[in-house]
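Here's a quick tour for anyone meeting this structure for the first time. Have a look at the model, then read on.

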Amino acid sequence: MTEPHYVQDPRAHPGLRVIAMIEAIKGLLALSAASGLELLGPIPLKRWVHDLIERFQLEPNHGAMAWLANAINPDSVHLAAAAVGTYAVLHLIEAWGLWRDKAWASWLGCIAASIYLPFDLYALARHPGWVSLAVLGINVLVVWVLARDLFKRRS
């Protein structure tokens, strides 16, 4: 029994459409975060980190939160906004490509989701639970759907 030839109609691939919508949401959220970083600037962010340090009674001169409070300045905020903006644009381009059933988008998504898998396994080992397992399962499902799409394109 042979597989039918690959159907070029994007509507024939609902899995790609679902992944495209998720990637678009991630891209829009990241774009909002990048815009928020630029609009807020360093002063409210620094105040927010100091409030967290006080609220959770953390050491104000040592540790990750103290380092973060000291690292926040106009240049670092612009750099963080640029990095988050780049992440957003990448996800929006991937979403567009998956929605339009482009092979390069399946490659991009498959590689990007595969990069997260070792981190998901580490998180599951360090913090076993249904959340870690669900995140791992979703990423495995995304890689499987995109890899299956690429495989079908080759046959």
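In this predicted model, a polar side-chain atom of Arg-17 sits 3.5 Å from the backbone oxygen of Trp-99. Arg-17 belongs to helix α1. Is Arg-17 buried or exposed? Its relative accessibility is 19%, and buried means under 20%, so Arg-17 counts as buried.

Trp-99 is also where helix α4 (74-99) ends, so let's turn to that helix. With 26 residues at 1.5 Å a residue, α4 should span 38 Å; the C-alpha atoms at its ends are 37 Å apart, which agrees.

| Side-chain atom from | Backbone atom from | Distance |
|---|---|---|
| Arg-17, polar atom | Trp-99, oxygen | 3.5 Å |

Which residues of α4 are buried? They are Val-77, Ala-81, Gly-85, Ala-88, His-91, Glu-94, Ala-95, Gly-97 and Leu-98. An α-helix has 3.6 residues a turn, so residues three or four places apart point the same way. The cover over the buried residues of α4 includes α1, α2 (42-55), α5 and α6.

The largest pocket holds about 240 Å³, and 14 residues line it. Helices α1 (14-40), α4, α5 (103-126) and α6 (130-154) each give two or more residues to that lining. Nearest the pocket's centre are Glu-23, Lys-26, Ile-138, Asn-139 and Val-142. By type, the lining has eight nonpolar, three polar and three charged residues.

Key: Residues are numbered from 1 along each chain as its sequence is written. This is a predicted model: local features need pLDDT of at least 70, side-chain atom pairs count only at pLDDT 80 or more; totals for chains, interfaces and linings use all residues. Side-chain values use heavy atoms; hydrogens and water are left out. On a 1 Å grid over the protein atoms alone, a cavity is a set of points where a 1.4 Å probe fits but cannot get out, and a pocket is an open set with protein on both sides within 12 Å along at least five of seven lines; lining residues have an atom within 4 Å of a point. Grid points are joined across faces, edges and corners, and a volume is the space filled by probe spheres set on the points. Helices (H or I, at least four residues) and strands (E, at least two) are DSSP runs, numbered from the N terminus. Ala, Val, Leu, Ile, Met, Phe, Trp, Tyr, Cys and Pro count as nonpolar, Asp, Glu, Lys and Arg as charged, and the others, Gly among them, as polar. Buried means under 20% relative accessible area, exposed over 50%, partly exposed in between (1.4 Å probe, protein chains only). A polar contact is a pair of N or O atoms within 3.5 Å; within protein, one must be able to donate a hydrogen and the other to accept it, and residues adjacent in sequence count only if both atoms are side-chain atoms. The expected span of a helix is 1.5 Å times one less than its number of residues. Contact means heavy atoms within 4.5 Å.
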